[in-house]
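I opened the notebook to look up two things.

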Amino acid sequence: MAHLDAVVVGAGFSGLYMMHLLRQRGLSALGIEAGHDVGGTWYWNRYPGARCDSESLSYSYSFVPEIDFDWHWPERYSEQPEILGYIGHVATRLDLRRSFVFGTRVTTATYDEARDLWTVGTDRGDRLTARFLVMATGCLSIPNRPAIDGIERFRGESLHTGLWPHDGVDFTGRRVAVIGTGSTAIQSVPRIAGQARELFVFQRTANHCVPAQNHPMDPEAERAYKARYGELREQARHSFAGDVVPELYITIMDLSDQELERELDRTWAQGGFYTQYPYIDLFTDRAANERVAAYSRARIRERVNDPGTAALLSARDHPFGTKRLCADTFYFEAFNEDHVRLVDLRATPIRAIDESGIATSERHYEVDAIVYATGFDAMTGALTTVDIRGREGARLRDVWAGGPVNFIGLAVAGFPNLFTVTGPGSPSVLCNMVSAIEQHVEWIDRCLDWMGARGATCIEATAEAQAAWVDEVNTAAHATLFPEANSWYMGANIPGKARVFLPYVDGLKTYRDRCDAVAGDGYAGFVVS
Ligand code: NA7
């Protein structure tokens, strides 16, 4: 059985950077990745239209500026192939692939208290031991397949957007159903509509959605960004959203109707998350939030010809942005095409799937392919699907049955030397993921350095520090409107999952300061031995 200083699970943005730092530190480390190459989320999510909603110039590693200087992103928000190409390029430049085994899934991880070691098992029968275990498994990596009666009977093509075939899918001339209307469906529907003979979009909940305002990369913007690279990256690291974007400075309720309309016209034209960045009271004041939602519904009415369809596409059951805000390019316009139909599952629920299609309470839809754009067991799924056992054989899955508990989103009491990257209790999905990843990975690296200098072999969060952190995360979330939505942020998309707000809502800057304070205080909240 091989023995290492560290095992890193996952070869996405997190796992690759972690591996790079471990190697630089001279530690022996092995990475284990289920996919057949690097990329993580961007390896699996190859559905048509897949792109990042963070701007390309800042959705990249800041620790290799020389790569960024040479790299050219073709669009403001680049598509999946470009992002995967970038990650692959970094892996090649830093020669990271040789430290990973691919096509291998970690299935078990067991902590041996007597030896302070993790034993890691894989689906290929490998067993290895390591002092440290870093779960760099991503926030959105376990696809959610809905439990619909008869789902396995369908004889056409069944596709999940998060497990898309590598050689693509041609929908030309075919009848297609898309189930779900989250970010993924909103990105893929216009592309699928461009090929399919008939497209039925099955909507249970309309999502709030803003125009992405994507465009080819503006050479001047790229030049200006690169000219101030270090300064802008530093600004992003110490910002709320982990990005170079406006910080909160406008109170919606201070504005008259006309002022607000002018203001929202401005941020709408900027596109994407710009509609939420500047507003102080957007997520804390229902009335303020509703004014933005009303503006957004008016924009949908301008874009969708049929008023009934426009009304159905307008989110009403949760405050604006409290489910992950979606950014679209021609999503709403797709419903103006004769061959694209919206199916309202609130009025006509799905009864079953059969050999030839989908039966709702109203009719049967015969289709050749069903696309499940039904999301993921977010933030905890990739951790709880592995059989992780800490002290006294306690299973992480059981410890987290009532919702995830950890200290500063990085470590779990009873699971020594286990680190989670961008897991629950950290800002992760609420900000630029790469900034969040870099902060976590660098914190872990410093921690290992500090331990090494002291000859320490074991670090474990205390139950008291963990309880206080969980409380802080929940208190912060409940001071906002976020818990009102049945979102994946709340674990509400997975039947039986505890309803707890998963990410840390107070932003990357506050979070970074808290993590740095813990480190600066001799890893207060941890027992080190
Ligand atoms: P999301 O945002 O979780 O959206 C999933 C969609 O699938 C959503 O509209 C769900 O409706 C719908 N859904 C899920 N299960 C069912 C069933 N059983 N029947 C009908 N409809 C269903 O996933 P995405 O992949 O779009 O996006 C995930 C994240 O990836 C995104 O937020 C970005 O951060 C990147 P519901 O809203 O639950 O009623």
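How many nonpolar, polar and charged residues are in the shell around the ligand? I counted seven nonpolar, eight polar and three charged. Ala, Val, Leu, Ile, Met, Phe, Trp, Tyr, Cys and Pro count as nonpolar, Asp, Glu, Lys and Arg as charged, and the others, Gly among them, as polar.

The model is predicted: local features need pLDDT of at least 70, side-chain atom pairs pLDDT 80 or more, while totals for chains, interfaces and linings use all residues. Residues are numbered from 1 along each chain as its sequence is written, and side-chain values use heavy atoms, with hydrogens and water left out.

**Ligand.** I found 18 residues around the ligand (a heavy atom within 4 Å). The closest are Thr-181, Thr-184, Arg-204, Thr-205 and Lys-323. Next I looked up N or O pairs within 3.5 Å. A side-chain N or O atom of Lys-323 sits 2.5 Å from a ligand oxygen. The backbone of Ser-183 places an N or O atom 3.1 Å from a ligand oxygen. For a polar backbone atom of Gly-182 the distance to a ligand oxygen is 3.5 Å. Alone, the ligand exposes 780 Å², and the protein buries 85% of that (Shrake-Rupley, 1.4 Å probe).

**Strand 8.** I then turned to strand 8, residues 175-179 (a DSSP run of E, at least two residues).

**Partners.** Strand 8 pairs in parallel with strand 9 (residues 198-203) over five bridges (DSSP pairing needs at least two). There, Ala-177 has Phe-200 as bridge partner. Strand 16 (residues 369-372) also runs parallel to strand 8, joined by four bridges. In strand 16, Ala-369 stands opposite Val-176.

Technical notes. A polar contact is a pair of N or O atoms within 3.5 Å; within protein, one must be able to donate a hydrogen and the other to accept it, and residues adjacent in sequence count only if both atoms are side-chain atoms. Buried means under 20% relative accessible area, exposed over 50%, partly exposed in between (1.4 Å probe, protein chains only).
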